[in-house]
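Let's walk through this structure together, one question at a time. Have the sequence and the 3D view open as you read.

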Amino acid sequence: MKRQFIREILDVITKDSISFAGGLPDAELFPVEAFRRAADTAIADPSSLQYSRSQGYGPLRDKIARRYSDIGFETHAEEILITTGSQQAINLIAMGLLKNGVTVELPAYLGALSAFRLAGVAVDGIALEEDGIGMEHFARSIAYSKAAYLIPDFQNPTGISYSAEKRRAIAELMQQEGALLIEDAAYSELFFDRRMPAISADMPHDSFHLGSFSKILAPGLRVGWIRASEANIRRIMAVKEALDLHTSTLDQRIIDAYWQNNGLEGHIETIRRSYEAKKCVMAETLRTLLPEFEFNEPRGGMFIYGKIPGIDTKALVGRCMERDVAFVPGSEFYPETGALDEIRFNFTHTDFARMQRGVTIIADCLREGSC
Ligand SMILES: Cc1ncc(COP(=O)(O)O)c(C=O)c1O
């Protein structure tokens, strides 16, 4: 199986590189001291070092379920399965449930494409429009696949968010078709103005809503979850058990202790404000220093996506990487041949000074015409 180009880029990036490539959170915002205290609390109880239930640590599932209910999406702890990152959630569903293939957005989240490929699940890609997936093609695709994997909030890679109308139309259509929704909410908490309703809330029995602590606490802990009906949770538990028995007990207990001691809301709000400021500076830097790049500003998430018309961005990134600057060419986000002139920039990982320097180098590479 071919490795993802993006993982290869990440392998050669050093601490001196300027990387707009990975979906890396800002490490400056990791709540290190609070984690240290939470780890002390967790480890003081030896059961946090023991094997534990496949479905996940009860008190953590309770907290996640309560948080859903608090925003009007009624959920109880038996409807939560803790996963080893939301990446594993995609693997579990792909391996356990998808028989006729799956409908995905184009461009698509690379990790999902890899998971579907690994499980031998055929993907049918439907182009994204400014307010979400193109409905006409989506309807045709769903009639056959009976399953869709969507990222309705600040999609990776495009940053696009679905309109309220499209969300409702998708839930209605999928229920008519008896289709299964896999709603990846990896970026849903990172909104700059308001939370959008989950599509899954309109079809709670036929959906898997995927959450993760990676973007709101720290990805190194590798803890995510699935919210689904009890019947659907049971359908994938056997796959979870076969893959890793359960997610790290200690990591779950650290997150639970952190949440118990600090709450979550204050920290998530700090991340939202910081990322919004970074997005504004990155957008302004791109407009000023790289005016050839055409893009819409996202209203949340971690990415700015757009294109430099007529430019082969894979060749461009090769030249930029010789000068230690990285981004992801858009062609990587298409299962087959995709648009050659698109680019995804991550804006959360780099500080303001390096943003300026990085975009200046990309602009120099472009204008030197050697790309
Ligand atoms: C859309 C999307 N889903 C899932 C993941 C995987 O995240 P996790 O760290 O929870 O496995 C990512 C990671 O970047 C992502 O962008």
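Here, buried means under 20% relative accessible area, exposed means over 50%, and partly exposed is in between. Keep in mind that this is a predicted model.

Q: Is Leu243 buried, exposed or partly exposed?
A: Leu243 sits in helix H8, which covers residues 230–244. Its relative accessibility is 42%. Since buried means under 20% and exposed over 50%, Leu243 counts as partly exposed.

Q: Which strands stand at the edges of the open sheet of four strands?
A: Follow the order of this antiparallel sheet: E10-E11-E14-E13. Two of these strands each have a single partner strand, so one side of each is left without a neighbour in the sheet. The edge strands are E10 (294–295) and E13 (328–329).

Q: Which residue in E11 is the bridge partner of Phe295?
A: E10 pairs with E11, residues 303–307, in the antiparallel sense. That pairing runs over two bridges. Phe295's bridge partner in E11 is Gly306.

Q: How many residues apart are Phe35 and Tyr258?
A: A search of the whole structure turns up 11 aromatic pairs. Phe35 and Tyr258 form a tilted one, with 5.2 Å centre to centre and 40° between the planes. Phe35 is in helix H2 (residues 32–43) and Tyr258 is in helix H9 (residues 249–262), so the pair links distant parts of the chain, and the separation is 223 residues.

Q: Are Phe35 and Tyr258 buried or exposed?
A: Phe35 has a relative accessibility of 13%. For Tyr258 the relative accessible area is 4%. With the cut-off for buried at under 20%, both Phe35 and Tyr258 count as buried.

Q: What kind of aromatic pair do Tyr187 and Phe303 form?
A: Tyr187 lies in the loop between strands E7 (180–184) and E8 (207–212), while Phe303 is in strand E11, so their pair ties together parts 116 residues apart in sequence. The ring centres are 5.7 Å apart, and the planes stand at 70°. Planes over 60 degrees apart count this way, so the pair is edge-to-face.

Q: Which residue lies over the face of Phe191?
A: Look at the centre of the Phe191 ring. At 4.0 Å from that centre you'll find Arg272.

Conventions:
Residues numbered from 1 in each chain as written. Predicted model: local features only at pLDDT ≥ 70, side-chain atom pairs only at ≥ 80, totals over all residues. Heavy atoms only, no water. Buried < 20%, exposed > 50% of the residue type's maximum accessible area, 1.4 Å probe, protein only. Pairing = 2+ DSSP bridges. Phe/Tyr/Trp six-rings, centres within 6.5 Å; stacked < 30°, edge-to-face > 60°. Lys NZ or Arg CZ within 6 Å of the ring centre and 35° of its normal.
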